[in-house]
Amino acid sequence: MNKYFTFTGLGIFIIGFFVFVGSLTMSDYQLSEIIIKDQGEGEKYTALMESSKSMMGVTYQSNIAFINDLRTTIENANNSIIEKYSISMDLAAKISERAGEDEKFIYKQSIIDELLPAVDEASTYQNKSLKDYTGWMEGKKYSTKEALTKELTGSIQSINNAISYQIAFDSYSAKNLVFSITKASSLGILKGNLKLWLFLSFGLMIIGAFTYFYGTYSDVPAGIKNNQIFMDAITNKGWLGVALGTFMIAFYIFLYFYPEYLTNWVLLMDPISYKLNGGPASHWFLYGFLYTLAVGVMGIRMILKYRHNTYQIIRTISVILFQTAFAFIIPEILAALNKPAIDFKNIWPLDYDFFYSYNLNELMESGFLGWFMLGWGLALIIIAVPVITYFFGKRWYCSWVCGCGGLAETLGDPFRQLSNKSLKAWKIERWMIYSVLIFAIINTGAVLYTFFTGSYSLLGISTESIKTSYGFLISSMFTGVIGTGFYPLMGNRVWCRFGCPLAAYLGIVQRFKSRFRITTNGGQCISCGNCSTYCEMGIDVRWYAQRGQNIVRSSCVGCGICSAVCPRGVLRLENGPEKDRLNVPELIGNESL
Amino acid sequence: MKNIVIIGNGISGITAARNIRKLSDHKITVISAETDHFFSRTALMYIYMGHMKYEHTKPYEDWFWEKNKINLVRGLVSSVDTFQKKVHLKNTGEIEYDILILGVGSKPNKFGWPGQGLNGVQGMYSYQNLENIEIYTKNIDHAVIVGGGLIGIELAEMLLSRNIRVTFLVREKSFWNIILPPEESEMINRHIREHHIDLRLETELKEIVSDNDGRVRAIITGDGEEMLCQFVGLTAGVSPNIDFLKDSNINVQRGIVVNKYFETNIPDVYAIGDCAQFETPLPDRRPIEQVWYTGRMHGETLARTICGEKTAYKPGPWFNSAKFLDIEYQVYGIINNHLKEDEDQIYWEHENGKHAIRIVYNESTLKLIGINLMGVRYRHDVIDRWLKDGIEVKNVISNLKKANFDPEFYKEYEDEIMNIYNSKFPNDQLNSTSKRGLLAVFTN
Ligand SMILES: Cc1cc2nc3c(=O)[nH]c(=O)nc-3n(C[C@H](O)[C@H](O)[C@H](O)COP(=O)(O)OP(=O)(O)OC[C@H]3O[C@@H](n4cnc5c(N)ncnc54)[C@H](O)[C@@H]3O)c2cc1C
Ligand code: SF4
């Protein structure tokens, strides 16, 4: 280890990191009419322009205050629209009264034209909506005045409620609006010098990281060097590990739920985004860039660390390439070409929204390419998974191709030893992962049901609510917040081990119909425990090795690290005949028995 | 149901306990002074280096023992009374037995060097030794290791991991050359120096010098050179840990004397593992076997005898393995440091000097005797079969790829070895045939 380089590298990295985090506070914010104009046209934007008057020209030093005011502004715009378009509740009674004049309480739509004539924009809308909502009541006879009033009141309420998402900003577009206005309203040193700040944050972090790697690996002979891992605060759940975990969890929560606070980071991405797809960056672009960068930089670290191990080198190059090309660059290019921006290596059910109607519709409307993408996705599920897994085990995907696996094997490598190896953890794992698989199947079944039948209710359950719960619980909370945020606390494969439904599917194939196994080498095991300790999936490899039993486990992702760290050459990842895969445990060497 | 007491929770004692439990319902008690639970002694170095914690070195989870009704007692046995069939624990009473198994392991050798009892002078065998090493090597800058064997080089690697300068005194002309042939031994000499360890061959320890507080200050070598240091590691071999048996009537010499059934001179008392000394050593074997694998085999075998099926110890072909810093070592069969009278060999070494394969065979019958591997992994089951079947070197060479156990995508060297064979046997040319690697998926 060359201390000068490691210290310098660490120093540069930390400066870059602080610039990066600090950049979140580096802008001022000022709203202008042009910005509002750029957002769109129509009634609600006019209302927004009106309600945002008080913000115009005011310079905000913090995005928190700006975003608060902006939210209020949008709310005010919505309120004014709602006020304008709402039908007065009195109308119900008035209509009943009118209908009761000949003591029969027969409902007639002509009364609407009488009491609520369409004279201007608002009354036209009200008149039309009320007619739409009450069309079925035409000519219906009510026994009392109250009964008719009640029916009408319900309709008016529904109409009034719908204004907020039909004419005004619904909660989804309000959220996007806050993000894009905040981003556009940024002013100051950051926005003026994006490339400089890009260098001072990402540039320094990258230079620092490589300098650190150089210092760590350059003058040390190649070999397994896990020195101090269990003494280091960052890799042994010390304060640094907890701090890093907290940072990553916070990052995911902001990214998924409050991206408007991260607009400065997104701004930093603009120069890159323009180069790649000709447009400005979104927060998903930011995420893709960070992800790819992490896989790339930490992937190079992985290669340096295991530079004596060809399997690790090739495998790591593979995950870096798949992430960079398939997950990042190709989708960006497709988007720039106005084609469906899919990730060709993502497979259902990990790709949980593959069967969502918006995806199916988009693919089916995109001509030959779209149909090809649809067929490709189906072929991956039906053919590639079973066939390739039969020949090579699930590793072909989990530790060679997959993005989640790619991040785990690169950024996550320093944390692999933190996975729990107990029998209890294994039990919990099996319960959880198969539950998620079932949940994913139900979710997909429900959305397909809706897609084909148009009905939003399946056995009395709303398909939308299944979809929303899956999106929140599994795809946001589990995959992102827990799956990655918990790297420094529970190891780097929390998601892959406990949650990923695709891993569950691949695992079933691997366990029951595959040529893959980890062979143990006769009687050579000394029960040292390195293999189990460094198994990111929490497999107690030693338990098998020390009794001479091949390791055939559904969860094994075939990363090959057990084999690498074994000091006695006991373990080998192999594809071979199925016949002797599940061998009788035997320790060679004792002929007495 | 018999009352079986085992002293020692190392690999030999624990394997005996586990196998007795598999085969019977006997009452089993395991006594150890060292730790509450069985851990892997071979992994001690990794605890110090921070690759693992003590927890990780336990091959079985803590609930395992109770579930399998193996009763664990922590305590030091101070003496054994074979007349009353009792063992006495220091301070904590006594335990009766019907059958006593001694798996008490070894202790580091100390050869009466002046100053060997000073603070900061340590052997490395037990968990307690490791704790002391931890204490005595805090913030130090220079350490001296005495004794060039497997534990010595492990200790050197440990200290390096804490950035401590290491001087390594080796009495022999070359590292571990009582076992390793010259080329392999020289390879390790080079590798030790590559790691910036100050390797002093043909250098002995004469004396350890104290400072005013009874802590090591320096050592003096056989040539009279004084070296300042704050820690001295004594790793000049181990010997059976049997002092507490001196006053018993169990027959001990260097170790506890046993026959091929592990029976001592006293009925119902057995000894296994590092502490057992075979009355009549097996052919080509040592009287005291001090490795993990033999400890395990002793335990497996004795369990049979105890559970009613009297079984003699009959190990298969010898094998062993180790790791010298970054270079892995495996041996199958008996490879001596120099060829014997009727032996011949094929030796290949990679140009980077970090991989070597040595195949020794009988000069006249051409039958395989053993294979030595540096920086290459081979399959135990394949070579074990070859050795037992006594196949000829020609067949070994033509099938060598089948024995390769290196990870996928590693470079294979078997063709180069075949070339050496071909030039050595010009009348018997072999051709490379069998495939391995990714394409083999579709062929086998
Ligand atoms: C650092 C190191 C690395 C090694 N690496 C390897 C390797 O890589 N490969 C290999 O094959 N071998 C290796 N060995 C050797 C191997 O570990 C031993 O051969 C093996 O552990 C011996 O096992 P055992 O069961 O005979 O005794 P031990 O493991 O020594 O167990 C004996 C136990 O009995 C206890 N005990 C002894 N006397 C008493 C008493 N009076 N009262 C109570 N308890 C008592 C001891 O405290 C100890 O816990 C290594 C040894 C060391 C020290
Ligand atoms: S790392 Fe190797 S020697 Fe150690 S327990 Fe695992 S298989 Fe056995």
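Reader: What should I know before looking?
Author: This is a predicted model, where local features need pLDDT of at least 70 and side-chain atom pairs count only at pLDDT 80 or more, while totals for chains, interfaces and linings use all residues. Residues are numbered from 1 along each chain as its sequence is written, chains are lettered from A and ligands numbered from 1 in the order in which they are written, and side-chain values use heavy atoms, with hydrogens and water left out.

Reader: OK, how many helices and strands are in chain A?
Author: Chain A has 27 helices and seven strands. Helices (H or I, at least four residues) and strands (E, at least two) are DSSP runs, numbered from the N terminus.

Reader: What box do the C-alpha atoms of chain A fill?
Author: Roughly 110 × 60 × 45 Å, taken along the principal axes.

Reader: And which domains does chain A have?
Author: Domain 1 covers 85–166 and domain 2 covers 513–580. Such bounds come from an automatic or database domain assignment. The centres of the two domains of chain A, taken over C-alpha atoms, are 74 Å apart.

Reader: Switching to ligand 2. Which residues come nearest?
Author: Cys525(A), Cys528(A), Gly529(A), Cys531(A) and Cys566(A), out of 13 residues around ligand 2. A residue is near a molecule if one of its heavy atoms lies within 4 Å of it.

Reader: Which helices supply residues to that shell?
Author: Helix 25 (530–533) and helix 26 (541–545) of chain A each supply at least two.

Reader: Now chain B. Which residues of helix 4 are buried?
Author: In helix 4 (residues 127–136) of chain B, the buried ones are Tyr127(B), Asn129(B), Leu130(B), Ile133(B) and Tyr136(B). Buried means under 20% relative accessible area, exposed over 50%, and partly exposed in between (1.4 Å probe, protein chains only).

Reader: What covers them?
Author: The cover includes helix 2 (44–49), helix 5 (150–161) and strand 16 (231–234) of chain B.

Reader: Where does Asp406(B) lie?
Author: Asp406(B) is in the loop between helix 10 (400–403) and helix 11 (414–424) of chain B.

Reader: Is Asp406(B) buried or exposed?
Author: Buried, with a relative accessible area of 3%.

Reader: How far apart are Asp406(B) and Thr82(B)?
Author: Their C-alpha atoms are separated by 51 Å, and the two residues are 324 residues apart along the chain.

Definitions and conventions:
Contact = heavy atoms within 4.5 Å.
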